[in-house]
Amino acid sequence: MSGFACIEEKVRAGERLDADDGLALWLEPDLLRLGQLANHVRERLHGDRTYFNVNMRVEVTNVCGASCSFCAFAKLEEGAPGAHTMTHEEAWATLADYPDPRLSELHMVNGLHPGLPFEWYEELLRGWKRVRPEVHLKCFTGVEIHFFAEKFGLTHEQVLTRLRAAGLGSLPGGGAEIFHPEVRRRIAPDKATGEQYLAVHRTAHRLGMPTNVTMLYGHIETFEHRVDHLLKLRELQDETAGLQCFIPLAFHNENNSLQKLPEPTAVDDLRAIAIGRLMLDNVPHVKAYWVSMGVDVAQIALRFGADDLDGTIVHETIYHSAGSRVPMGLTRDALVRLIREAGRIPVERDTQYRVVEELPKAALPEAAMKVSARNAERRSLAVVAR
Ligand code: SF4
């Protein structure tokens with residue numbers, strides 16, 4: 001039996017894949033076979049149900065003392081061209097003025113600002129809770145939490161406990177990049193290590209706070225580094241069961257110091273989704289983040305292992321600084337249409353995957369409905385002509 005056939009057998013029997021299997025998956029040339037296997041797992045877990053949410057992204061400051069080589073978002077200091085830090089009032093207004101009553105999540109990620117006091121962040125969250133108490137605050141990556149701990153002389157637990165008291169609901173998955181020190185030292189030398197990032201998530205889970213997690217792929221890492229990253233996530237999840245969702249993030253190459261590297265192709269995007277689904281047998285959801293892989297590929301990824309499309313986003317700047325050409329946001333209707341056209345059931349969720357509304361699956365793909373409508377029209381014209 002071929003290597004891939006053995007893996008297929010293991011997956012269909014519900015057995016766990018090991019590091020060698022992981023590597024074999026990245027080396028497997030047959031994308032459709034890989035996708036089909038990941039889709040089998042996705043459907044075993046979720047059937048046709050495909051999640052999205054009504055959320056908005058906010059980046060309150062892009063000032064950051066770190067210098068990750070893939071980053072096009074950060075500005076080293078206040079006053080540098082393009083550097084911006086919102087006032088509390090500006091930040092609160094983004095939420096207070098947002099018109100959609102369905103909004104259920106605010107997702108914030110920032111630079112590691114060298115000058116803002118910890119109390120500034122606590123008040124930021126408290127203010128948002130004052131204006132829209134029902135909106136879940138998914139804020140600060142594991143990297144930011146570790147930065148606060150080091151800068152303010154607190155433990156991870158103290159940082160998380162104080163931010164939670166101010167309104168924090170969960171942590172997004174950004175900042176994971178690639179955990180392996182061979183890569184991390186070169187692309188993100190001056191922020192939390194892989195171990196420190198995982199320690200933040202471990203502490204959050206112990207405190208009952210769910211988190212998501214990412215993997216930035218397609219730059220200088222090898223397939224071995226990707227497998228190592230996935231295995232570390234699986235190990236953490238075995239221990240805590242606090243990860244909700246895995247989100248592969250495609251490297252973008254504009255306006256950063258890795259501009260000479262090509263970006264990952266659609267095939268690599270789909271493989272990252274599929275292999276994430278196959279290796280992370282204990283993580284409930286895999287997200288096709290449309291901002292990262294583009295709307296079209298994200299939609300196709302719903303047949304390659306992904307069961308989540310993320311949300312409306314409204315205004316994304318991190319990927320757009322690095323050359324993303326996708327829209328800044330998508331409407332709820334557009335997300336529903338993308339999911340229906342993929343033959344799936346759209347399920348609006350909150351941050352913790354509680355169902356807000358489940359919508360019916362489309363009876364037929366849109367194009368087929370148009371053809372049927374045209375046929376019906378032709379038939380009725382024929383009747384009139386008789
Ligand atoms: S990736 Fe994050 S930590 Fe690194 S430079 Fe950009 S904003 Fe700063």
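Where does the ligand sit? Select it and look around: the ligand is in the largest pocket, meaning that more than half of its atoms lie within 2 Å of the pocket's grid points. A pocket here is an open set of points on a 1 Å grid over the protein atoms alone, where a 1.4 Å probe fits, with protein on both sides within 12 Å along at least five of seven lines; lining residues have an atom within 4 Å of a point.

Before you click on, note that this is a predicted model, where local features need pLDDT of at least 70 and side-chain atom pairs count only at pLDDT 80 or more, while totals for chains, interfaces and linings use all residues. Residues are numbered from 1 along each chain as its sequence is written, and side-chain values use heavy atoms, with hydrogens and water left out.

Now widen the view to the whole pocket, about 840 Å³ of space, a volume being the space filled by probe spheres set on the points. Of its 46 lining residues, Phe70, Cys71, Phe73, Glu177 and Ile318 are the closest to the centre. The lining divides into 22 nonpolar, 15 polar and 9 charged.

Last stop: the second largest pocket, about 210 Å³. Pick Val58, Glu59, Met86, His315 and Thr317, the closest to its centre among 15 lining residues.

How values were computed:
Ala, Val, Leu, Ile, Met, Phe, Trp, Tyr, Cys and Pro count as nonpolar, Asp, Glu, Lys and Arg as charged, and the others, Gly among them, as polar.
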